[in-house]
Amino acid sequence: MTKVITYGTFDLLHYGHIQLLKRAKALGDYLIVGVTSDDYDKTRGKINNQQTLMERIAALKQADIADEIIVEEYEGQKIDDIKRYNVDIFTIGSDWEGKFDYLNEYCKVIYLPRTVGISSSDIRAEKHKLSIGIIGNPGGGPKFANEISYVNGAELKDCGEGFENVDAVYVATIPSNHYQDIKNALAKGKHVICESPIATKKSQCEELLRFAEENDLILADAIKTAYSTAFSRLVVLAKSGRIGDIISVDATCTSMQGKLDEKNVDLSGVFNTISSWGPIAMLPVFQLLGTDYRQKTIVTRFLDRDLLFDGFTKIDFIYDKAVASIKVAKAAKSEGELVITGTKGYIYVPAPWWKTDYFEVRFEDQTENKRFFYQLDGEGIRYEIVAFIKAIERNKNDLNISAQVSAAISGVIEDFYRGDYIEIQ
Ligand code: C2G
């Protein structure tokens, strides 16, 4: 019996795929099809799959060409599979010509002609592309614009006077303008993705999220860290009890602002430390411990008091069964790490934890330690955009940051601006 194996994503299974599969099957008696897992596709830069692994497998089963379907989860797996299943022939489309010659050592390699004129990318592109406009800029703007180009279903467009040219708006104006800017965009029926905080008052944040929901619009809090695979995995791992009860979350984020020259003064009020680093540092605290803290203390050291530009801020949160602290600075430097303390062990994320692809779970007995690595491209921004588009398509706000977390973040910023801090010189 001649065993043949082939691999692919097979997103939106089409004529080209079917032809390839039929030709592959004709090469032998038994065809194994390896379907890429969602995580594996992410590591090889395929972030736009429309269908989940299960949907892609279901479509292949229906096509009824494969004798066996397996999942491809890691680089190099092809070698393992060929050995494990005693494969005689590895085959793949001619777009991969030469790329799999290294498999000749294990079996025969055949490149089959690729069907011209059809591809999953074309099918995806035929769907209406979500046009996103950008308002404001500092910091986030250029990065975000660049990341849109990696997302198949989205395109960057000029907003036009009244957002008439776009379906959605990315808001990167100064935080004190967010409320009004988001309100305007939502009122015009546009979906919004806004750099955190959504507003500098809790009630305003809640009002905007409610308005969006009532009007079938998506309002996304843009904290890219929430979309990093490593970060989301560590959150669920910690919640699953792996390190026991979580009793402390400690997050530090620092970057050097430099002098408050004219350019920076422009950004006053503003991209001070609490409103730029604050939301990111609060994310693991609120996601792991909830937003129901008993009390908190904000300690701040101003770089420019008149501008309310904090150069260093530390916040301690006390919960019923846990504590948390965030330390953020633009005029002080520290180790940008995240540590989650549990009753059985702890999770350590090295600097810069907010764009991490790596973390460790550590125990007293070091032999129990585990390391985790997950690919991160574009600092998480492109995954954030993909999630935003999917939420719009499904008309369901199932984004990684809940309304409670967004509101709690806005609430802390509000308290800061109300003067609810202890100042150190
Ligand atoms: N294909 C084809 N004609 C098309 C489109 C795709 O013959 N018009 C073939 C591809 O050459 C490939 C298979 O269909 O052999 C699956 O294509 P994709 O879903 O795009 O998967 P791909 O990224 O090529 O998978 O481990 C994964 C594989 O290495 C590659």
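**Exercise 1. Describe how helix 9 and helix 12 pack against each other.**

Solution. Helix 9 (residues 229-239) and helix 12 (residues 278-289) pack with their axes 10 Å apart, at an angle of about 35°. Axes here are lines fitted to C-alpha atoms, for helices over the stretch in contact, and angles run from 0 to 180 degrees between N-to-C directions. Helices (H or I, at least four residues) and strands (E, at least two) are DSSP runs numbered from the N terminus. The crossing of helix 9 with helix 12 is right-handed, a term used if the near helix is turned clockwise from the far one by less than a right angle, anticlockwise being left-handed.

Next, the contact (heavy atoms within 4.5 Å) is made by Phe-231, Val-235, Ala-238 and Lys-239 of helix 9 and by Leu-283, Pro-284, Gln-287 and Leu-288 of helix 12. By class, this contact has 6 nonpolar, 1 polar and 1 charged residues. Ala, Val, Leu, Ile, Met, Phe, Trp, Tyr, Cys and Pro count as nonpolar, Asp, Glu, Lys and Arg as charged, and the others, Gly among them, as polar.

The model is predicted: local features need pLDDT of at least 70, side-chain atom pairs count only at pLDDT 80 or more, and totals for chains, interfaces and linings use all residues. Residues are numbered from 1 along each chain as its sequence is written, and side-chain values use heavy atoms, with hydrogens and water left out.

**Exercise 2. State how the protein chain is divided into domains, then locate the largest cavity.**

Solution. The chain is divided into domain 1 (3-119), domain 2 (122-223) and domain 3 (229-375); the bounds come from an automatic or database domain assignment. The centres of domain 2 and domain 3, taken over C-alpha atoms, are separated by 26 Å. Their contact takes 8 residues from domain 2 and 7 residues from domain 3.

The largest cavity holds about 150 Å³ of space. On a 1 Å grid over the protein atoms alone, a cavity is a set of points where a 1.4 Å probe fits but cannot get out, and lining residues have an atom within 4 Å of a point. Grid points are joined across faces, edges and corners, and the volume is the space filled by probe spheres set on the points.

Its lining has 15 residues, with Gln-50, Asn-152, Gly-153, Ile-389 and Glu-393 nearest the centre. They divide into 4 nonpolar, 6 polar and 5 charged. Helix 13 (residues 381-394) gives the most, with 4 residues. Domain 1 and domain 2 both contribute to this lining, so the largest cavity lies between them.

**Exercise 3. Locate Phe-163 and describe its phi.**

Solution. Phe-163 lies in the loop between strand 7 (154-156) and strand 8 (168-172). Phe-163 has a positive phi of about 60°, although it is not a glycine.

Notes:
1 Å grid on protein atoms, 1.4 Å probe; cavity = no way out; pocket = protein on both sides within 12 Å on 5 of 7 lines; lining within 4 Å.
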